[in-house]
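Here are my notes on the model, as numbered points. Please read them with the structure open.

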Amino acid sequence: MSVTGEQPAIPATGHPYQFTADGPGRWRLSGEVDVAVSDQFATSLARAVGAAGAAAAGADGYAISMDELRFIDLSGLRALAAAATTAGVRVELHGVPAVFWRYWYLAGFSEAVTSVYPVS
Amino acid sequence: MSHPGQLAGGAVNHVVHFYGADDELADSVGRYLADGLRSGEGVVVVATAPHRLAFEARLAREGLDAARERRDGRLFTVDASGLLGRFLAGPRLDHGRFEAAALALIGRAAAGGRPVRVYAEMVALLWDAGDVALAIELEDLWTKLGTRLPFGLLCGYPDSVLAEPGTAAAVGDVCQLHSAVADQRSFPAELDSVRAARHYVTGLLGAGAGDAAACDTAIVATELAANAVLHARSGFTMTFYRSAGVTRIAVRDMVPVHVLAGAEHEATGEGVPFEVMTGHGLSVVARLASRWAVDPLPDGKVVWAELPLSVLRAPKPPGPELPAPPRQEN
């Protein structure tokens, strides 16, 4: 979620998540994603998916492993859904934590986003 | 600062309070003791000498003279380490001697059949000395004593125990042993406060609460905190309250609400006034909560949500209203 308008930025210093490449078309997301870092997370995702390009996607599309993801909020899910929609290929999510499922259904992503596949 | 005084009596009789600074403890315990004295209860304080002095100063500000209350047999003050020494037998607790000492104290306070409320911090002394297991054992003894005779009990722990490495399970045990946990902390108007507030409430919930409880509590804390920081652009105070039936999280910020559709919204998933709040974040809270509301104040507002224990006890999300997760297509 971005902070828009003319207001001064709200301070944030934490880097509580990591998003790292884990092979061609594969990434690993760990730590905690919330409004403090979701803009940064969205940028990382856009860069990664853009740099990989649709051609780099395997037969199953992209994959993101979330085994060590401790928390992700609505703004993080939005960033993920936006990147998946832009990429236009299937994005598989592995090791999805309970909190992800909770948000995913409560916020209606399960109906609205068809290119993201939480698989485990 | 919590309001344990409001929690004493009734169904809730064993409350834990994690305090930040000593003056915060003095405020909340002072109020708890003053409420008891004013309503004619017998009041017992088992505390360290500096804390007893701080409580008495706080009582004086409330117009209550501790010396007179003691003389008139309404207030009983006991040194925490002194009383602890009477039943701490080397590396173990002598259950019989604890019971005898506590029953004698509470019996005197209950003279005439009046209700009794107790503030005690022997458990915190044990915890401080590294005897976490003994602290939990003593909490358990207090709880068992509470089944034999009725009294309100407020336990104080410095909130530094929440941040100690490796004690999450023990903190969870302590919270589970109390019939209620009431605590409050303030956070600055920073994005990082959202994460800090989330860690704060999941720490209070403890490891014993289970994944579903931790998950839902973390979501509610995150979205309420984000609402204050992003939309009110305000510092906020988060209050956590858990009793046998419910977990409640409230966030008080310093920006008033101008338009509100209704004071309270049942969790129908529909008809909530999203337009005045964050939109999706609060809609998630609304769908998780059994009750939630926005209470307007002259200088801000309180947004609160309650999670029922039935949901918290669910073995894993998603809850009953949610469809099964999709399976991988192959």
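This is a predicted model: local features need pLDDT of at least 70, side-chain atom pairs count only at pLDDT 80 or more; totals for chains, interfaces and linings use all residues.

1. Start at Val285(B). Setting aside neighbours within four places in sequence, Val285(B) contacts Val220(B), Glu223(B), Leu224(B), Trp292(B) and Ala305(B).

2. Chain B overall. The chain has 13 helices and 13 strands. It runs to 330 residues, and 46% of them count as buried. Take the contacts between residues at least 6 apart in sequence: 73% of them join residues at least 24 apart.

3. Confidence in chain B. The average pLDDT is 79, and 79% of the residues score at least 70. Where does the pLDDT fall below 50? One such stretch is residues 259-278 of chain B, which still has 34 contacts in the model beyond near neighbours in sequence. Residues 1-12 of chain B also stay under 50. The model gives that stretch 35 contacts beyond four places in sequence. For the complex, the predictor gives an ipTM of 0.84 and a pTM of 0.63.

4. Thr143(B). This residue is found in helix H7 of chain B, residues 132-148. Is Thr143(B) buried or partly exposed? It has 16 other C-beta atoms within 10 Å. Beyond its neighbours within four places in sequence, Thr143(B) contacts His14(B) and Leu177(B). Leu177(B) is 34 residues away along the chain, yet the two C-alpha atoms are separated by 7.1 Å.

5. Chain A overall. Chain A has 4 helices and 6 strands. Their order along the sequence is β-β-α-β-β-α-β-α-α-β. Of its 120 residues, 42% are buried. Among contacts with a separation of 6 or more, 78% are between residues 24 or more positions apart.

6. The hairpin in chain A. Strand E1 (residues 17-21) pairs with strand E2 (residues 26-33) of chain A in the antiparallel sense, over 5 bridges. Tyr17(A) stands opposite Gly31(A) in E2(A). There are 4 residues between the strands. Gly23(A), in this hairpin, takes a positive phi near 105°.

7. The parallel pairings of E2(A). How many bridges join E2(A) to strand E3 of chain A, residues 62-65? There are 3, and the pairing is parallel. Arg26(A) stands opposite Ala63(A) in E3(A), and Arg28(A) stands opposite Ser65(A). E2(A) also runs parallel to strand E4 of chain A, residues 69-72, again through 3 bridges. There, Val33(A) has Ile72(A) as its bridge partner.

8. On to E5(A). E3(A) is joined to strand E5 of chain A, residues 91-94, by 4 bridges, and the two run parallel. Tyr62(A) is partnered with Val91(A) in E5(A).

9. Helix H3 of chain A. Why call this helix, residues 98-106, largely enclosed by the rest of the structure? Because 7 of its 9 residues are buried. They are Val99(A), Phe100(A), Arg102(A), Tyr103(A), Trp104(A), Tyr105(A) and Leu106(A). Note that Arg102(A) is in this buried list. After H3(A) comes Gly108(A), with a positive phi near 85°.

Terms used. Residues are numbered from 1 along each chain as its sequence is written. Chains are lettered from A and ligands numbered from 1 in the order in which they are written. A residue is buried if 20 or more other C-beta atoms lie within 10 Å of its own, exposed if 12 or fewer, and partly exposed in between; C-beta atoms are placed from the backbone. Two residues are in contact if their C-beta atoms, placed from the backbone, lie within 7 Å. pLDDT is the predictor's confidence in each residue, from 0 to 100. Two strands pair if DSSP finds at least two bridges between them.
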